Amino acid sequence: MLWHLVRKEVACAKCLYFAATTFPCKLGSWAASSTTGGDLETSESSSSGAERFLIRRKNILCKSFDGSGTGLHVLDLIDRGCLLPSRSIYHSLLIRCAHLRKLEEGRIVHAHVVNSEFKHDVYMMNTVVNMYAKCGSLEDARVVFEEMPERDVVSWTALIMGYSQHGQSKKAIFLLPEMLRSGVQPNHFTLSIILKASGTGACKSKSHGWQLHAFSLKMGHHADVFVGTALLDMYARCGQVEEARVVFDGLVSKNEVSWNALIAAHVRKGEGEHAFRLLHNMLRENIEPTEFTYSSVFRALASIGSLEQGKWVHARMIKSDTQLIAFVGNTLLDMYANFDSLVKRDVVSWNSMLSGFAQHGLGEMVLKRFEQMLRMGIRPNGITFLCVLTACSHSGLLDEGLFYFDEMKKYRLEPEIYHYVAIVDLLGRAGLLDQADKFIRQMPMEPTAAVWGALLGACRMYKNEKLGAYAAERIFEIDPRDSGPHMLLYNIYATAGRWNNAAKVRKMMKESRVKKEPACSWVEIENQVHTFVADDHAHPMREEIHKMWETISEKIKGIGYTPDTSHVLLFVDQQEREIKLQYHSEKLALAFALLSTPPASTIRIKKNIRICGDCHTAFKFVSNVLGREIVVRDINRFHHFHNGLCSCGDYW
């Protein structure tokens, strides 16, 4: 008996020695609590002593010193009687496991809790559910949740958050009616998580969103800044920007997250100007932009080619001491080559740079940089190869594109649908329409509208009516509401002079209520955007603009420009065709820019659809005659016109 007492005393001495070396200067109060039987949770002296140090120290999850322990030394101290168990000790251990995603250690703590007086404690079991959820073990979280004799709003919220954070949005949302049936009412935090889940993955739905919005109103949580922000983010992710704006305007209190959500909504919608305007409004409200704000705005300005505004935002970010971290730097790369200033170059940074080169028609540069990336040991991902394949497609690099498509296997990357779209586009642009059609039929997955759209675009380019009509029919089956394929098929028939067939396409569009997006071009002069449509008579300078283009047209005709009237898709005579051709929106935008900018400056024009073939030819002649660089950003890419040439090499 004496020997057992001596062994216990020695064991406690070892424990106290560990405490003294691990938590210096705090041993006295810990030892006093342990030896006198004082409760560490409730003892005022100990609350400022050893336990507080335990919670703060990084080695709280220190392993057992020998194989006979529990696996964690702190739990060994409890088992040996050197430390009394308490809610705060278990809570600290579980929170640390959740934070570090230490699932095995979390299981050990859970097992210890089950054998303690806290096994039915709601607060403690909520922490266990949270730990399993954070560690990604949702099955364990659900089991613990189901076995709880009592559940409160925190219990339900912890499980809902677990499902939401691990991509199981449906399960997260379906827990809400279960929660209500159990008699537990969600709080603002629960609602904000469910709203976030409803805006992701397969859960995106107008009806879902409206029901949750109505429920938030009924519960009186809609005015809460967190619920309101989650509501507007949900609408934004579902593509309902107008509804998101209504929610935003109704928020009594707006924070940077609210502004970021609305800005990101306009960026996703392709409304770069709105996003930039919101940044100005945000600054006027004295809300300081975050890294997420700058990243969204850079992406917006990159999409519309607004270089000067991008420089201003970049300068504003530097002035505010916001660090150029990777994801912000990646969006900067979409605007201009600022690669060397990134704090860290990762695969996303490289992808952004490759994408930027590809958009500007620098296919050879993309391949050169890609090989450099491989030499530096950066492993490419699916997006990397998409950038490479797109560059090959837009630059006519057929053999290289097919080679890199096969190279994906080397990196154990299975091609996704967008890689197949790129290859169809590559073959189609090269004129290999039958080979592209065969490639589609051999795909291991069902072709999407984008796949058939790539083939249809190539059929228009090479005037293949039969295959074009077949591709268009496949698209109509998949996405009958898209006006793009209808117009491409109309263009194929109109170019071939098949006006009866073209009229049938127009009739089909009318019956299906499919509306063509009107073509427009715009330029920005002194922070003011000027927009033009074909045959535009609304601009106050319309007479000067038309006269300017007539003057330019005569000059370029003198050095070889001949209007290509095949691009006028109307059943009119040749003279009227040529007149219609001269007043396309991009030509009017160019004429206005020539009137409004200094002689040597670069002209930047944006266009919402693909640049017209005749306008493309005319712009090359204008750049040569006037010695001006003209940059056109159409829906697909940038065209740099300089000295009579275009960066795309007439391959776009």
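Arginine 474 is buried in this predicted model. Its relative accessible area is 16%, and the cut-off for burial is under 20%. The side chain of arginine 474 meets that of glutamate 473 in a salt bridge, with an N to O distance of 3.9 Å. Glutamate 473 has a relative accessibility of 41% and therefore counts as partly exposed. Side chains of opposite charge can pair when their charged atoms come close.

The search of the whole structure returned 17 salt bridges. One of them links aspartate 425 and arginine 429, at 2.7 Å from N to O. Both residues belong to helix α25, which spans residues 417-429. Aspartate 425 and arginine 429 lie four residues apart, or about one turn of the helix. Both aspartate 425 and arginine 429 are buried.

A further salt bridge is formed by the side chains of arginine 245 and aspartate 249 (3.3 Å, N to O). Helix α15, residues 241-250, carries both partners. Because arginine 245 and aspartate 249 are four residues apart in this helix, about one helical turn separates them. Arginine 245 is partly exposed, at 30% relative accessibility. Aspartate 249 is also partly exposed, with a relative accessible area of 49%; the limit for exposed is over 50%.

Salt bridges also form a network. Its members are Arg142, Glu146, Arg151 and Glu178.

The nonpolar interior was examined next. In soluble globular proteins, nonpolar side chains tend to be buried together. Here the largest nonpolar core contains 85 residues. Tyr90, Leu93, Val109, Val129, Leu232 and Val313 have the most contacts inside this core. Helix α8, residues 122-134, gives the most to the core: eight of its residues take part. Valine 129 illustrates the packing. Beyond its neighbours within four places in sequence, valine 129 contacts Ala141, Val144 and Phe145, as well as Met148, Ala158 and Leu159.

Alanine 265 touches Ala236 and Val241, when residues up to four places away in sequence are not counted. The C-alpha atoms of alanine 265 and alanine 275 are separated by 8.3 Å. These two alanines are ten residues apart along the chain.

Values for the whole chain complete the description. The chain has 652 residues, of which 48% count as buried. It contains 34 helices and six strands. Among contacts with a separation of 6 or more, 60% join residues 24 or more positions apart. The accessible surface comes to about 32200 Å². Carbon and sulfur atoms account for 54% of that surface.

Technical notes. Residues numbered from 1 in each chain as written. Predicted model: local features only at pLDDT ≥ 70, side-chain atom pairs only at ≥ 80, totals over all residues. Heavy atoms only, no water. Core = buried A, V, L, I, M, F, W, Y, C linked by side-chain atoms within 4.5 Å. Buried < 20%, exposed > 50% of the residue type's maximum accessible area, 1.4 Å probe, protein only. Helix = DSSP H or I, 4+ residues; strand = E, 2+ residues; numbered from the N terminus. Contact = heavy atoms within 4.5 Å. Areas by Shrake-Rupley, 256 points an atom, 1.4 Å probe, with all protein chains shown as cover. Salt bridge = Lys/Arg side-chain N within 4 Å of Asp/Glu carboxyl O.
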